[in-house]
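Reader: Hi! I am new to protein structures and would like to learn how to read one. Could you walk me through it?

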Amino acid sequence: MSTTRFASVVLDVDSTLSGVEGIDWLAGLRGDELAARVAGLTDRAMRAEIALDAVYGERLELVRPTASEVEALGARYIATVAPGAPDVIATLLTRCRRVVVVSGGIREAILPLAAYLGIPDRDVHAVSVQFTSDGQYAGFDSASPLTTADGKRSVVEALDLPRPVLAVGDGATDLAVRPAVDSFAAFIGFVRRPTICIGADLVLESFEQLAETVLE
């Protein structure tokens, strides 16, 4: 286990902070056929077989989640939070580490999870969705860089976080942030993608290992 100390930690959400892939969970509300189609697109994007740019809007348009469904997803994120994550994040914050969330997921669903973990809204960077007055899906922030394959890198660069910075995630969009951080850790607590592990500086199986990496 690396003994490198880090001043900042950048965390992914889906399959990292939580065991849920948000858009896949929402697609599951539409039936097995659509769920399988959307999950296939998500997995291919996370493996870098296709660019996230090519499927981000397509997946949302297929699902068209309502406001109440997005709220339910927020609750699901909390119910499936990674083991040890609440205590580890509390420790990192107490020890004056900067902890930020950078995700291509839906911001409105991620904010409740971040609040549960003690991460302020200002340190949550994700993609907002819009709804009509009666809660129907009305689109998403298509200008957000987080809808693109390399968007996390530009977001992290703009944050100007205290160095050294460790990024933690499970997919290709997380690995792509690497030029903007000092190290990238592939998180395999929920899913292991061999190509992401190969490209990572280290591999973490748990949040306890994350704490050891950052603090010792």
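Predicted model: local features only at pLDDT ≥ 70, side-chain atom pairs only at ≥ 80, totals over all residues.

Reader: At what angle do helix α4 and helix α6 pack, and how far apart are their axes?

Author: Helix α4 covers residues 67-79 and helix α6 covers residues 107-116; their angle is about 35 degrees, and the axes lie 7 Å apart.

Reader: Which residues in α4 and α6 meet?

Author: A contact needs heavy atoms within 4.5 Å. On the α4 side you will find V70, L73, G74, Y77 and I78, and they meet E108, A109, I110, P112, L113 and Y116 of α6. By kind, this contact has nine nonpolar residues, one polar and one charged.

Reader: Now the whole protein chain: how many helices and strands does it have?

Author: There are ten helices and eight strands. The chain is as compact as a globular protein of its length, because its radius of gyration, 16 Å, is close to the 17 Å that the globule rule gives for 216 residues.

Reader: What share of the residues counts as buried?

Author: A residue is buried when its relative accessible area is under 20%. In this protein chain, 52% of the 216 residues count as buried. As for the accessible surface, it comes to about 9,200 Å², and 50% of that belongs to carbon and sulfur atoms.

Key
Residues numbered from 1 in each chain as written. Heavy atoms only, no water. Axes fitted to C-alpha atoms, helices over the stretch in contact; angles between N-to-C directions. Helix = DSSP H or I, 4+ residues; strand = E, 2+ residues; numbered from the N terminus. Nonpolar A, V, L, I, M, F, W, Y, C, P; charged D, E, K, R; others polar. Rg over C-alpha atoms; globule rule 2.2 N^0.38 Å. Buried < 20%, exposed > 50% of the residue type's maximum accessible area, 1.4 Å probe, protein only. Areas by Shrake-Rupley, 256 points an atom, 1.4 Å probe, with all protein chains shown as cover.
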